[in-house]
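Dear colleague,

I am handing over the structure below, together with notes on what was found in it. Please read the notes alongside the coordinates.

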Amino acid sequence: MSAGPILQLTSVGRRYNEIDRELVILDDANFSLGRGEMVALVAPSGAGKSTLLHTAGLLERPDSGDVILDGRACGSLSDEERTAIRRNDIGFVYQFHHLLPEFSALENVMMPQMIRGMKPRVASERAQQLLDYMKVGARASHRPSELSGGEQQRVAIARAVANAPLVLLADEPTGNLDPVTSSYVFEALEALVRQSGLSAMIATHNHELARRMDRRVTLKDGKITTVS
Ligand code: ADP
């Protein structure tokens, strides 16, 4: 473990080639996420928030520059090495829960741990603890279709942190929820991040939620800039 930022983007470029034009999303962009820091990513639809999160989370490779996680430059790593880092060190939450429909909430939270090689009993205990912490412990045996939208997202958050990642990346995690449920789910997410000392970058359109984070950044002209 290095003492610097937990996540850095250095001179990152990312562009999409369309038939008649080139779409520049990131252009020599720099960003640092401090240890234990919670940053809101606030930008209009189409600005490139998902692209930034996917690049930071090693789901996409940048065209130039690098992503440095806990002091480790990830650009030159193989796909297998990047997959291992994603599995162990990065947690993702999406706008839609993406839980596996044929498995219970508990099994969904056990899954990443089992893939990592944890024993079922240990994985099950941790999954139940996380579900309890997210206040959905009583729904552990239910399948996703039997849960409310807010409950599904709380299970998805528990799953994202099941392997105790270094960084949590969330793409509009409460974007599908009504304002009251959204606030409730966000509170649980915030408590979990703070309590576990996680570092998080969370894209949101909700300015009230964004204000509760340590810092707000936006995407403009291919750069990532702090707005407050
Ligand atoms: P946001 O999350 O802020 O809505 P995105 O990162 O999803 O923004 O998209 C930014 C822009 O890049 C959009 O104009 C989108 O259409 C375009 N885009 C995203 N992914 C691709 C892709 N794989 N190929 C081409 N264009 C893409």
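Which residues have the most contacts inside the largest nonpolar core? They are Val109, Leu131, Val155, Leu168 and Ile202, in a core of 39 residues. A nonpolar core here is a set of buried Ala, Val, Leu, Ile, Met, Phe, Trp, Tyr and Cys residues joined through side-chain atoms within 4.5 Å, where buried means under 20% relative accessible area, exposed over 50% and partly exposed in between, with a 1.4 Å probe and protein chains only.

Before going further, please note that this is a predicted model, in which local features need pLDDT of at least 70 and side-chain atom pairs count only at pLDDT 80 or more, whereas totals for chains, interfaces and linings use all residues. Residues are numbered from 1 along each chain as its sequence is written, and side-chain values use heavy atoms, with hydrogens and water left out.

At least two residues of this core are supplied by each of strand 3 (38–41), helix 3, helix 4, helix 5, strand 7 (167–171), helix 6, strand 8 (199–203) and helix 7 (207–211); helices (H or I, at least four residues) and strands (E, at least two) are DSSP runs, numbered from the N terminus. Helix 6 gives the largest share, six residues. Apart from this core lies another, of 30 residues, which includes Ile25, Leu33, Cys74 and Val217. Returning to Ile202, and leaving aside its neighbours within four places in sequence, one finds it in contact (heavy atoms within 4.5 Å) with Met38, Val39, Ala40, Leu41, Ala170, Pro173, Phe186, Leu189 and Met213.

Helix 4 (residues 120–133) has 14 residues and spans 20 Å from its first C-alpha to its last, close to the 20 Å expected at 1.5 Å a residue, the expected span being 1.5 Å times one less than the number of residues. Its buried residues are Ala123, Ala127, Leu130 and Leu131. Seen down the axis of helix 4, these fall within an arc of 100°, so they line one face of the helix; the arc is that of the directions from the helix axis to the C-beta atoms. The buried residues of helix 4 pack against helix 3 (105–115), helix 5 (149–160) and helix 6 (179–196), while the face turned away from the buried side carries the exposed residues Arg121 and Gln129. Helix 4 is followed by Lys135, whose phi is positive, near 60°.

In helix 5 lies Gln152, which is buried at a relative accessible area of 15%. Its side chain reaches the backbone oxygen of Leu147 at 3.4 Å, a polar contact (a pair of N or O atoms within 3.5 Å; within protein, one must be able to donate a hydrogen and the other to accept it, and residues adjacent in sequence count only if both atoms are side-chain atoms). Not counting residues up to four places away in sequence, Gln152 touches His97, Leu99, Pro144, Ser145 and Leu147.

A ligand nitrogen atom is 3.4 Å from an N or O atom in the side chain of Tyr16, a ligand oxygen atom is 2.7 Å from a polar backbone atom of Gly46, and a polar side-chain atom of Thr51 lies 2.6 Å from an oxygen atom of the ligand.

With kind regards
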